[in-house]
Amino acid sequence: MSTTTYAVSGMSCGHCKATLTKVIGELDGVTEVGVDLATGLVTVISATEPDDSRIAEVVDEAGYELTGRAA
């Protein structure tokens with residue numbers, strides 16, 4: 001299992017959280033998604049190392065911006 005945390009801008013409400021949980025959770029290998037609106041962080045738990053470019057793509061398509069991996 002791999003746990004990766006991303007910084008995402010543009011999230012502000014429960015709808016944002018639900019949308020990102022859904023679109024990231026539908027990616028192959030993703031087993032869990034945690035969205036923290038207060039910090040702007042999205043934690044992705046997956047079976048293998050996640051594909052950052054694919055995650056950035058679905059986040060962008062949903063109307064948000066993945067600004068990179070969080071430290």
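**View 1. Val8 stands opposite Leu66 in strand 4.** Welcome to a predicted model, in which local features need pLDDT of at least 70, side-chain atom pairs count only at pLDDT 80 or more, and totals for chains, interfaces and linings use all residues. Residues are numbered from 1 along each chain as its sequence is written, and side-chain values use heavy atoms, leaving out hydrogens and water. Strand 1 (residues 2–9) pairs with strand 4 in the antiparallel sense over four bridges; pairing requires at least two DSSP bridges between two strands. Strands (E, at least two residues) and helices (H or I, at least four) are DSSP runs numbered from the N terminus.

**View 2. Strand 1 also pairs with strand 3, antiparallel, over six bridges.** Here, Ala7 has Leu41 as its bridge partner in strand 3.

**View 3. Four strands make an open, antiparallel sheet in the order 2-3-1-4.** Strand 2 (30–36) and strand 4 (65–69) are at the edges with a single partner strand each, so one side of each lacks a neighbour in the sheet.

**View 4. Side chains alternate along strand 1.** Ser2, Thr4, Tyr6 and Val8 point to one face and are buried, meaning under 20% relative accessible area (1.4 Å probe, protein chains only).

**View 5. Helix 2 (residues 52–61) lies across strand 1, strand 3 and strand 4.** Helix 2 runs at about 155° to strand 4; angles run from 0 to 180 degrees between N-to-C directions, with axes fitted to C-alpha atoms, for helices over the stretch in contact (heavy atoms within 4.5 Å).

Conventions. Buried means under 20% relative accessible area, exposed over 50%, partly exposed in between (1.4 Å probe, protein chains only).
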